[in-house]
Amino acid sequence: MHAKPAAPLDLLLLPTWLVPVEPAGVILRDHGLGVRDGRIVLIAPREQALRHPATETRELPNMLLAPGLVNAHGHAAMTLFRGLADDLPLMTWLEQHIWPAEARWVNEDFIRDGTELAVAEQIMNGISACSDMYFFPHVASEVMHRSGMRAQITVPILDFPVPGALDSAEALRHGLQLFDDLKHHPRIKVAFGPHAPYTVGDERLTEVLMLAEELDAGIHMHVHETAFEVEQSIQQLGERPLARLARLGLLGPRFQAVHMTQISDDDLALLVESNSSVIHCPESNLKLASGFCPVERLWEAGVNVAIGTDGAASNNDLDLLGETRTAALLAKAVAGSATALDAHRALRMATLNGARALGIEADCGSLEIGKFADLVAFDLSALSLQPVYDPVSQLIYACGRDCVRHLWVGGKQLLDDRRLTRIDTQALGERARAWGERIAGGR
């Protein structure tokens with residue numbers, strides 16, 4: 001008897017360089033990657049890969065194929081507040097500008113249009129998966145579902161009224177319903193998002209922990225964003241915010257600590273012992289003068305460090321490739337070492353580390369057999385990128401987001417030669433401009 005021949009590949013990609021991220025530091029030249037049923041089933045030298053029949057074969061000359069980027073922290077619909085209140089310190093920015101604007105303008109239509117604007121920008125920037133922490137999360141999840149992106153939808157929890165929830169109890173009820181609605185979704189996960197230690201009390205945090213453990217859900221939280229936040233906690237509660245969260249039991253592999261610009265030796269020990277992840281947002285931290293996350297120190301201690309753009313109101317773009325370049329350069333300055341956060345580790349931070357922080361590393365974040373085909377092709381053919389000695393160094397230190405040429409999520413192409421396949425960019429642009437005119441005019 002003859003063995004049944006394998007089914008044809010759905011897609012065979014033939015880039016000049018293939019960077020799997022795992023194993024670390026590897027660059028494969030002239031290899032092919034095969035996709036079947038949305039997953040990677042083949043990585044082999046070009047000539048060997050071409051022996052496999054494929055429904056579609058795509059030559060990618062002068063392109064680097066990598067895992068789709070993972071934006072581990074953002075507030076998607078805040079794209080509609082991009083540039084609204086710039087060059088202000090964090091609490092002034094929040095209390096006098098952003099929170100009043102949110103109270104006035106944020107409704108389901110705002111979330112729908114703002115999230116789609118963020119999705120379009122992220123896909124064009126090579127981002128295949130994101131974490132979104134904003135109001136009306138059920139509306140954001142609908143947009144993410146239609147878009148084809150992979151997402152963690154984080155339910156924001158605050159102890160005061162916010163758009164869509166009168167208090168943290170109502171936000172939790174909505175979150176539980178959303179979790180139930182999406183528990184079998186192939187691309188979308190729901191996490192709990194207590195906003196920050198200074199906006200959520202112990203009782204609600206304890207309830208969040210209980211629900212997260214029961215549902216095996218992530219906990220995503222702004223922590224130690226500024227020195228003021230830490231000092232205020234010490235004055236009012238007699239302990240640092242991270243120590244309080246540890247005392248309440250929140251730290252652990254599912255905990256995602258966003259920002260962490262203030263890290264003492266005790267804080268570092270808590271992060272290491274609990275196996276919590278840190279999500280670094282360097283450009284937002286720089287713009288708001290919030291402080292510097294000691295990335296190299298965290299990395300050397302074994303902490304999983306991912307990267308996020310934060311929202312477009314405090315960045316002001318959703319360019320994770322640019323964010324990663326900033327992270328690599330800043331890490332060197334903070335550590336006082338030119339070898340800190342080299343290009344390969346920076347790319348890992350923007351891919352596999354992000355997937356690990358969001359609890360989806362078994363499915364994406366690296367190019368490995370069996371994982372979903374979440375892929376981005378970067379074009380390194382421009383004159384400004386020549387010559388190419390190390391394509392990963394070129395990607396991190398010389399490429400801009402306009403180098404992103406193609407993007408696939410689960411084998412489905414969402415960006416084809418810089419054209420979005422599922423989003424009407426003209427109509428979306430018109431809606432975004434209309435929002436800008438209304439908000440600027442106060443109507």
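**View 1. Two domains in a predicted model.** The domain assignment, automatic or from a database, gives domain 1 (9–67 + 372–410) and domain 2 (69–358). Their centres, taken over C-alpha atoms, are 29 Å apart. The model is predicted: local features need pLDDT of at least 70, side-chain atom pairs count only at pLDDT 80 or more, and totals for chains, interfaces and linings use all residues. Residues are numbered from 1 along each chain as its sequence is written, and side-chain values use heavy atoms, without hydrogens or water.

**View 2. Where the domains meet.** In domain 1, 26 residues contact 29 residues of domain 2 (contact: heavy atoms within 4.5 Å). About 2,200 Å² is buried between domain 1 and domain 2, 65% of it on carbon and sulfur atoms. Buried area is the accessible area (1.4 Å probe) that two parts lose on being put together, summed over both.

**View 3. A salt bridge of Arg401.** The side chains of Arg401 and Asp319 form a salt bridge (4.0 Å, N to O). Between domain 1 and domain 2 the count is four salt bridges. The term means a side-chain nitrogen of Lys or Arg within 4 Å of a carboxyl oxygen of Asp or Glu.

**View 4. The largest cavity.** A cavity is a set of points, on a 1 Å grid over the protein atoms alone, where a 1.4 Å probe fits but cannot get out; lining residues have an atom within 4 Å of a point. The largest cavity has a volume of about 50 Å³, the space filled by probe spheres set on the points, which are joined across faces, edges and corners. Its lining includes Asn71, His75, Cys130, Asp132 and Leu318.

How values were computed:
1 Å grid on protein atoms, 1.4 Å probe; cavity = no way out; pocket = protein on both sides within 12 Å on 5 of 7 lines; lining within 4 Å.
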